[in-house]
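User: Hi, I have a structure open and I'd like to walk through it. Can you help me read it?
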Amino acid sequence: MLSAELAARFAALLGPERVLTAADDLALYASDETPRFCPPEAVLFPTCHEDVVEIVRLAARHRLPITPRAAGSGNVGGALPTPGSVVVSFECMNRVLEFDPDGRVMVVEPGVVTDDIDRLARSAGLMYAPDPGSGAYCRIGGNLAMNAAGPRAVKYGATRDHVLGLRAVLGDGREIRAGARTTKYATGYDLTRLLVGSEGTLALVTEATLRLVPAPERIANLRVCYASNRAACAAIGRVMRQPVVPSALEFMDRRSIDAIREYGGAEGLPEGTRAVLMVAADGAHDDVPRQIAALEAALAGDGLLEVQSGFTAEEMARLWTARKSLSMAVKKIAPLKINEDVVVPVPRLGELVEAIDALGERHRIPLVAFGHAGNGNLHVNLMVHADDADEMARARACRLELVQAVLRLGGSLSGEHGIGSEKRHFLGLEFDPDTLALMRELKAVFDPLGILNPGKKLPD
Ligand SMILES: Cc1cc2nc3c(=O)[nH]c(=O)nc-3n(C[C@H](O)[C@H](O)[C@H](O)COP(=O)(O)OP(=O)(O)OC[C@H]3O[C@@H](n4cnc5c(N)ncnc54)[C@H](O)[C@@H]3O)c2cc1C
């Protein structure tokens, strides 16, 4: 329990308006996108790096667990408070500290909204490439902690590939700087890449130096319909084998297509469509038609029903809005979505999709699969009713078998959502004991008292 005295010391440090302790306020910070609820002892709002240092030092002295939080849009309980913890919310640390178009660099605090970074970059002909579907409201601190990514990752990579350096506070209040401002770097250990994806368990990030890339002059899209999942997966393999890298290659199965009908993403699909690929190409104005022609050639094959192209900007926006709505749209199938975010090598994608179909049928659970097929990353949603004990038991068995199938195919538990509190019990299936032990030792070096986001990422 947070004592009144300690609450008062946080209030003296940050100002009383930056410390919440009333039950109604705490409830707003008690969950993320997972269906769980655990109110913290308090919510603290630092406004600068120095505030974070002081918060951590005070918390360390009192062995007070900290749950870092950005926008709370995570799917795995990363920002879900652990009992007895205080939430450190980065929403007030939302300044762009520097924008250097010539150096293609932006330095930001962790509370800046992801799409705002991209918007500012575009004002100078650049872009911030990572594009999670939640970009309109998630914050860069959350993206860094989860190594977030979106459709563009197939061509441009994930958050980790766009972070040059970080400033951070370790679990005992030490302050570090990692990385550099350059796109080449061979000095010391690469702590930047280690901290990205560490889910707030190793350090609190207070500043990030981001790499920007030139914004493409032109983007073109294809919507491609297939008669079966197998045909669509074969086409994905052909696309990723040829030299033109698409700037998006997204897969939707039959249930996903049904879910987005009301968002206008499934208008005019040919009869018999069982799978849809959304494909994009970007680059220099004159080069995009050449890329599209190469992609169309690779997409053609058995089971192809139709390739649609020549979308207007408005139509394109509608298609992508529908695709981005899928996470929410599937909830009409059943109220509870158990979201797996598995990833396999692209050539094994067809086997994964077959396994998903078979598992859904055997366990009698509606499974909806869609996602970033060009990276081999599919969101597999088990749609269930929390009050149906039998269905929940079948879903648990189905989930375990899904994870086992993914690992057999040479894949991994998470492509972009991370592990949080929801998937950590599966980690022992993916890593051998020595690898897990090394991860625990690393955690102890960065956070000797174990106060940073306990109960996340690693199994007990
Ligand atoms: C509709 C929808 C669509 C989505 N689409 C995508 C997608 O396309 N791609 C994708 O990758 N994800 C997606 N997500 C998941 C989610 O948006 C991402 O995981 C995102 O990165 C979380 O950002 P956030 O600001 O909400 O962070 P939060 O959920 O608040 O926190 C995420 C993690 O970051 C840690 N953290 C936050 N700030 C800091 C900090 N300063 N220092 C250290 N740790 C910190 C938290 O403790 C937590 O572990 C989607 C979610 C929704 C609801």
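User: Let's start with β13. Which residues point one way from β13 and which the other way?
Analyst: First, a note: this is a predicted model. A248, E250 and M252 point one way from β13, and L249 and F251 point the other way.
User: Are those residues buried or exposed?
Analyst: They are all buried.
User: Which strands is β13 joined to?
Analyst: β14, residues 275–283, is joined to β13 by 5 bridges. β17, residues 367–372, is joined to β13 by 2 bridges. β13 and β14 run antiparallel, and so do β13 and β17.
User: What does M252 pair with in β14?
Analyst: Its bridge partner there is V276. In β17, M252 stands opposite F370.
User: New topic, the ligand. Which residues come nearest?
Analyst: G74, G78, G142, A145 and G200, out of 36 residues around the ligand.
User: Which element gives the most to that shell?
Analyst: α5 does, with 5 residues. The elements giving two or more residues include β3 (66–69) and α11 (313–329).
User: What classes of residue make up the shell?
Analyst: The shell has 15 nonpolar, 15 polar and 6 charged residues. Domain 1 (4–89) and domain 2 (96–214) each give at least three residues to the shell.
User: What domains does the chain have?
Analyst: The assignment gives domain 1 (4–89), domain 2 (96–214), domain 3 (216–329) and domain 4 (333–422).
User: How many residues make the contact between domain 2 and domain 3?
Analyst: Domain 2 gives 5 residues and domain 3 gives 8. On the domain 2 side there are 2 nonpolar, 1 polar and 2 charged residues. The C-alpha centres of these two domains lie 29 Å apart.
User: Now sheets. What is the strand order in the open sheet with β10?
Analyst: The order is β5-β6-β10-β8-β9, with antiparallel pairing.
User: Why is one side of β5 and of β9 left without a neighbour?
Analyst: β5 (96–100) and β9 (175–179) stand at the edges of the sheet, each with a single partner strand, so one side of each has no neighbour there.
User: How many bridges pair β8 with β10?
Analyst: β8, residues 163–170, pairs with β10 over 7 bridges. L170 stands opposite A203 in β10.
User: Which helix lies across β5, β6 and β10?
Analyst: That is α4, residues 114–122. α4 runs at about 145° to β6.

Conventions
Residues are numbered from 1 along each chain as its sequence is written. This is a predicted model: local features need pLDDT of at least 70, side-chain atom pairs count only at pLDDT 80 or more; totals for chains, interfaces and linings use all residues. A residue is buried if 20 or more other C-beta atoms lie within 10 Å of its own, exposed if 12 or fewer, and partly exposed in between; C-beta atoms are placed from the backbone. Helices (H or I, at least four residues) and strands (E, at least two) are DSSP runs, numbered from the N terminus. Two strands pair if DSSP finds at least two bridges between them. A residue is near a molecule or strand if its C-beta atom, placed from the backbone, lies within 6 Å of it. Ala, Val, Leu, Ile, Met, Phe, Trp, Tyr, Cys and Pro count as nonpolar, Asp, Glu, Lys and Arg as charged, and the others, Gly among them, as polar. Domain bounds come from an automatic or database domain assignment. Two residues are in contact if their C-beta atoms, placed from the backbone, lie within 7 Å. Axes are lines fitted to C-alpha atoms, for helices over the stretch in contact, and angles run from 0 to 180 degrees between N-to-C directions.
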